Amino acid sequence: GNWSAIVQASFFRQDEDYSKLKITELNYHPPDVITGSDTIDGKDLEFIEFKNTANHSINLGGLQIDSAVHYSFPEKFILPPRQFFVVASKPSEFFSYYGMIPSGNYEGNLSNAGEEILVRDRNGAEVIRFTYVDSPPWPDEADGGGYSIASAEINPDGDPGVHSPAGQADLVFGAVRVPARE
């Protein structure tokens with residue numbers, strides 16, 4: 001018999017469950033990088049890493065970072081389970097330093113002293129909200145020392161604002177060295 005052309009259909013839920021979308025790394029105060037006679041301003045290496053910790057895909061379309069920096073996620077962008085979405089302040093510098101292409105480019109820069117990060121859905125409802133600071137209990141090493149704030153768990157349950165003093169067993173976020181591309 002005769003077959004028609006292949007048809008592709010996409011189905012999206014209007015009431016997406018974002019409870020498993022987590023910020024797993026935040027680099028708010030990278031140091032300046034000097035290579036030969038060139039200097040990369042540390043602000044150009046800032047980034048926010050999101051992870052889908054669910055066992056199902058999440059539609060990020062319509063989400064917005066609407067506070068410290070500004071970014072609108074692409075419409076109908078599906079983030080598969082256990083995958084990452086990274087937004088950076090300067091994608092070309094991010095690629096040059098880390099050797100990876102970020103998923104998006106946000107407007108503005110993160111405060112080196114700390115501020116609120118707010119992610120909203122297309123209807124304005126809060127999805128993720130926390131405030132980071134450059135003093136304890138947040139890791140000092142992330143404040144210009146070449147480290148970022150990162151989840152101590154592969155698939156964290158909480159948001160970055162849920163943390164304990166360093167050294168305790170229930171630490172959710174700590175500092176990790178952010179390596180340059182070799």
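A residue counts as partly exposed when its relative accessible area lies between the limits for buried, under 20%, and exposed, over 50%. In this predicted model, Arg122 has a relative accessible area of 46% and is therefore partly exposed.

Four strands form an open sheet in the order 7-6-11-12, and their pairing is antiparallel. Its edges are strand 7 (70-72) and strand 12 (126-133), each of which pairs on one side only. On average, neighbouring strands of this sheet are turned by 20 degrees against each other, direction ignored. Seven bridges connect strand 11 (residues 114-120) with strand 12 in the antiparallel sense. Within this pairing, Glu116 stands opposite Thr131 of strand 12.

**Salt bridges**

Side chains of opposite charge can pair when their charged atoms come close.

| Salt bridge | Closest N to O distance |
|---|---|
| Glu75 and Arg122 | 3.0 Å |
| Glu116 and Arg129 | 2.7 Å |

Glu75 forms a salt bridge with Arg122. Glu75 is found in the loop between strand 7 and strand 8 (78-79), and Arg122 in the loop between strand 11 and strand 12, so this pair ties together parts that are 47 residues apart in sequence.

The salt bridge between Glu116 and Arg129 joins strand 11, which holds Glu116, to strand 12, which holds Arg129, so that parts 13 residues apart in sequence are tied together. Glu116 is partly exposed, its relative accessible area being 28%; for Arg129, also partly exposed, the value is 40%. Through shared partners, salt bridges join Glu116, Glu126 and Arg129 into one network.

**Helix 1**

In helix 1 (residues 91-98), Phe94, Tyr97 and Tyr98 are buried. Viewed down the helix axis, the buried residues of helix 1 fall within an arc of 80 degrees, so they line one face of the helix. The elements that cover these buried residues include strand 1 (21-27), strand 2 (33-35), strand 4 (47-52) and strand 9 (84-88). Gly99 follows helix 1 and has a positive phi, near 75 degrees.

Notes:
Residues are numbered from 1 along each chain as its sequence is written. This is a predicted model: local features need pLDDT of at least 70, side-chain atom pairs count only at pLDDT 80 or more; totals for chains, interfaces and linings use all residues. Side-chain values use heavy atoms; hydrogens and water are left out. Two strands pair if DSSP finds at least two bridges between them. Helices (H or I, at least four residues) and strands (E, at least two) are DSSP runs, numbered from the N terminus. Axes are lines fitted to C-alpha atoms, for helices over the stretch in contact, and angles run from 0 to 180 degrees between N-to-C directions. Buried means under 20% relative accessible area, exposed over 50%, partly exposed in between (1.4 Å probe, protein chains only). The arc is that of the directions from the helix axis to the C-beta atoms. Contact means heavy atoms within 4.5 Å. A salt bridge is a side-chain nitrogen of Lys or Arg within 4 Å of a carboxyl oxygen of Asp or Glu.
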